[in-house]
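This report walks through selected local features of one protein model. Please have the sequence and the structure open while reading.

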Amino acid sequence: MAELPIPDLPPAHCSGRFTISTLLAMEEGGRGPYTPTEGSSCDSIQPTHLSSSTLCTRTFGYNTVDVVPAYEHYANSKGVGDPRKGRPSLADLHSILKPDPGRLRTPVSDLQQSNGLPEAGPEAGLEEAEGEPGRDSVPEPVRFGWVKGVMIRCMLNIWGVILYLRLPWITAQAGIALTWLIILMSVTVTTITGLSISAISTNGKVKSGGTYFLISRSLGPELGGSIGLIFAFANAVAVAMHTVGFAETVRDLLQEHNSLIVDPTNDIRIIGVITVTVLLGISLAGMEWEAKAQILFFLVILVSFINYLVGTVIPATAEKQAKGFFSYRADIFAQNFVPNWRGPEGSFFGLFSIFFPSATGILAGANISGDLKDPAVAIPKGTLMAIFWTTMSYLVLSATIGACVVRDASGSLNDSVAMGSPGCEGLACSFGWNFTACTQQQSCRYGLSNYYQSMSMVSGFGPLITAGIFGATLSSALACLVSAPKVFQCLCKDQLYPLIGFFGKGYGRNSEPIRGYMLTYVIAIGFILIAELNAIAPIISNFFLCSYALINFSCFHASITNSPGWRPSFRYYSKWTALFGAAVSVVIMFLLTWWAALIAFGIVIFLLGYVLYKKPDVNWGSSVQASSYNMALSYSVGLSEVDEHIKNYRPQCLVLTGPPNFRPALVDFVGTFTKNLSLMLCGNVLIGPRKQKMTESQLMADGHTKWLMKRKIKAFYTDVVAEDLRSGVQMLIQAAGLGKMRPNILVLGYKRNWRTASPQSLEDYVGILHDAFDFKYGVCLMRMKEGLNVSRVLQTHVNPTFEAAEHPENGTGSRAAPGTGNPTTLASEQQASTIFQSEQGKKTIDIYWLFDDGGLTLLIPYLLGRKKRWGKCKIRVFVGGQINRMDEERKAIVSLLSKFRLGFHEVHILPDINQKPRPEHIKRFDELIAPFRLNDGFKDEATVNEMRQGCPWKISDEEVDKNRAKSLRQVRLNEILLDYSRDAALIAITPPIGRKGRCPSSLYMAWLETLSQDLRPPIILTRGNQENVLTFYCQ
């Protein structure tokens, strides 16, 4: 740890701390920061000064800026007005302390003991409101444990009318054995999903949002957003579905007593609207009242179960025997143990599709995750216990009713006969009842196969079963009425979809989504008024199953990516069982209703596509990000294992943009032909002291990347800090890239101000070109008539006094034009438009392939011509030749280009390339190099070298004479370019190469200047590394 002395100060407050301000005062007072003082030994317990910007604590017997591990250092949530707490930065620990009030950090937590142990418990990082003047005490929100908040809620949502009205009938059809198999198959899916929920909910702190929160934070906003929206809607419609189930039961009771309000259909609507309004009132009263209502429903259902079990052991009356109930009988159990399929739904998967919805509802507890005391404990424990107890209830009910009631009974007391009477068929004959006639005619009204109210008939007191049906439907409706707004509120706050943010506002201590409750109420009323939910019910079941599939897939995906951040405290899960659960959920979707499954998938895909298109600015550390990293790493390593082949050559560009927003044309040019094809890396050399520039680099890197993303340029940004431009570029050339994804072309802007720039910058610029060739790079220079650097235009909006001298146009490094690289303004600044962003129409791209560089001069224009904006341009190829062999040379070049399959058909031979240029142009070239000549008068080499010391860019008379022909060639080429390509959209030409150590930098720049001057279209001077980038072979 970074040790510091104890200052010799009066004991103001005994806290074992002192401040950065104190340390600075000590240093300014003449005492060294590490000079021992009185009482500074490790055993000293002298108290130190305390202030609001404390950083130093007496932890292990000496004073240190370091702090011990504490909860608040990792928690990112804090109350309004609470001071920000955290560990000291790296600079605080290893740099010299300087007075900087803006960077003084706020206090770390008060320590309980002198050994520095933090306060226990997860709430240690929160400030207590009590005792702080001027702060109102905020009431504690209602929080539930695992029993009240999850287990009871899930059990109530799992139990439904199917338990009371359809399970006895399913037992009669499938038999006890296959009914148990149906139950266990359904429970297998829900259990696997429960294990996946448990794993996801224990992998970090879970907030409100339930299923949507779990899926979106695991798989990302795309799938999370789509499933969150349809899940919230499904819950809203499920409110109507369960309410209509309740209303139908009440309507049937009214019909039995001839007490209909209006008519059967309108009675359902009236009862449903009144019921859902009462449920809304319970929900708006707060989560505490809603929880009390759920407990009441739970007790009613338990009493109905006990009532049923008591009824099975009570001796059967004659009326019950007539309806098929004979108490527990082994032969009844044996007969009902095997299946007896009847009717159109009499098949295993038909019955499975009817029963499976009764096993769902396991997400009811997770959906109120924001109202749980400890979701990481409550969700796994409560969900799995709910699945266990409801499964046991289903198994017990099917076994007991299958052992008590025969499949067919007439219900007539006149069908009693003496045991062993002739003509009596069936199991009931041995109990003194003859149901043969109605069985043969299939007209029996009672028995397990015919009477849905068998549980009510068997029970000790029938109305309690009706009360249980009421409790099951109302509790499920209430759970969905609470779940839908809670999930929707979290979705609204994330702002993934437009026009829904209004419903995200919370009210009260529990942040109740009252607006969401009202929306759910309106949706529920709408579907209740339809009163025909048979068509919508299968879609709702498929939406819930879709959620199960995605939860299981989330668990599998997070596990398979091997992300270090996937560390669930719940260990009893397997990634393969999670994958199996996801696959089975999808299969069940199609088994239930194939058309509803297609609708559900269609809606999910549509919503997924919308979020993918909008690309919301959120980052939740999803497993999709981890998977992307794994794939990128795997493919990058895989590329390194394969030798490169010319057929797979790609121009991978290191673009010396400086700050990318300073040279948008250079960025757009390279981005156009590398997009979705190859690597583009924008390099920036920060020139200056490392200590100062490192901070600048860290601040601006993110802003430059966002600027590239906003411009839709698929590129990376990297920068290096160096003492001068050339050494920085050398670092980039050597270190940029990864494995086979390394740049092979250096792209930079032409240095327009080379004549007025400092001689050293001229040497560095030409030296960069030599360095690129030394490292086997191709080189691409870009020159535009209006220049590339727009920093001066950008700067006028920030600093009107900015002068050109502050930022020379060197096409490469950065000496910081203040303000233009601010990360908060970079991405939001107005994007400068360039020629490479506009349609080029039917112009030409002219390629002057003067020297064979391996084909790079041809390849880049070809790739550019494949893009839509340049697709209408005609590509012309110009090559040098002799006037007496023009046809032969043209045929040879056309033949070569056809073998390359580039589609270049217009080839021009330049026979006049060797003609002498016009005198006025020669004179202009001589005037261009005149300021850089030594004027040594052909002195001997030793004298010339002595004259050149300190100015290696100077040109000797001998060098002028030796390179005369080459110089005149550039003058002549410029004349040809002006003659043939004045109106071209783009010119690509092979530049000359200056021999290292033999061609002064000023002479080489004069060649490039002469070659490219006075041209209106952009000119690209491209030189490959003399290795093939094109081939006409198949292997």
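C780 is buried, with a relative accessible area of 1%; here buried means under 20% relative accessible area, exposed over 50%, and partly exposed in between, with a 1.4 Å probe and protein chains only. The cysteine sulfur closest to that of C780 belongs to C653, and at 7.2 Å it is too far for a bond. C546 is another buried cysteine, at 4% relative accessible area.

The model is predicted, so local features need pLDDT of at least 70 and side-chain atom pairs count only at pLDDT 80 or more, while totals for chains, interfaces and linings use all residues. Residues are numbered from 1 along each chain as its sequence is written, and side-chain values use heavy atoms, with hydrogens and water left out.

**The disulfide**

Which cysteine is joined to C438? The partner is C444, with an S to S distance of 1.9 Å. A disulfide is taken to be a pair of cysteine sulfur atoms within 2.5 Å, and by this rule the count comes to one. The torsion about the S-S bond of C438 and C444 is about 80°, so this disulfide is right-handed. Both C438 and C444 are buried.

Helices (H or I, at least four residues) and strands (E, at least two) are DSSP runs, numbered from the N terminus. Strand β13 covers residues 986–989, and both of its faces are covered. L986 and A988 are buried on one side, and I987 and I989 are buried on the other. In a regular strand the side chains alternate between the two faces of the sheet.

Two strands count as paired if DSSP finds at least two bridges between them. Strand β10 (residues 844–848) pairs with β13 in the parallel sense over four bridges, and I845 has L986 of β13 as its bridge partner. Strand β14 (residues 1019–1023) is also parallel to β13, with three bridges between them. Here A988 stands opposite I1020 of β14. Between β13 and β14 the chain passes through helix α34 (residues 1001–1012), and this β-α-β crossover is right-handed. That term applies if, with the strands pointing away from the viewer, the path from the first strand over the helix to the second runs clockwise.

**Salt bridges**

Side chains of opposite charge can pair when their charged atoms come close. A salt bridge is counted where a side-chain nitrogen of Lys or Arg is within 4 Å of a carboxyl oxygen of Asp or Glu, and the structure holds 21 of them. Three pairs are listed below.

| Pair | N to O distance |
|---|---|
| D846 and R876 | 2.7 Å |
| E889 and R885 | 3.2 Å |
| R918 and E920 | 3.5 Å |

D846 and R876 meet in a salt bridge. D846 lies in strand β10 and R876 in strand β11 (residues 874–880), so the pair ties together parts that are 30 residues apart in sequence. Both D846 and R876 are buried.

In the second pair, E889 counts as buried at 17% relative accessibility, whereas R885 is partly exposed at 39%. R755, R783 and E1009 are linked in a network of salt bridges.

Which residues make up the nonpolar surface patch of about 570 Å²? They are F590, W594, W595, L598, I599 and I603. Patches are made of residues with over 30% relative accessible area and no salt bridge; like charges are joined within 9 Å, and nonpolar side chains (Val, Leu, Ile, Met, Phe, Trp, Tyr) within 5 Å. Accessible areas come from the Shrake-Rupley method with a 1.4 Å probe, and for residues only the protein chains shown count as cover. Helix α20 (residues 594–614) gives the most to this patch, with five residues. I603 lies in helix α20 and is partly exposed, with a relative accessible area of 32%.

**Positive phi angles**

L499 is not a glycine, yet its phi is positive, at about 70°. L499 sits in the loop between α16 (462–494) and α17 (514–530). Is L499 buried or exposed? It is exposed, with a relative accessible area of 81%.

Q1026 also has a positive phi of about 70° although it is not a glycine. Q1026 is found in the segment after β14, and it is partly exposed, with a relative accessible area of 47%.
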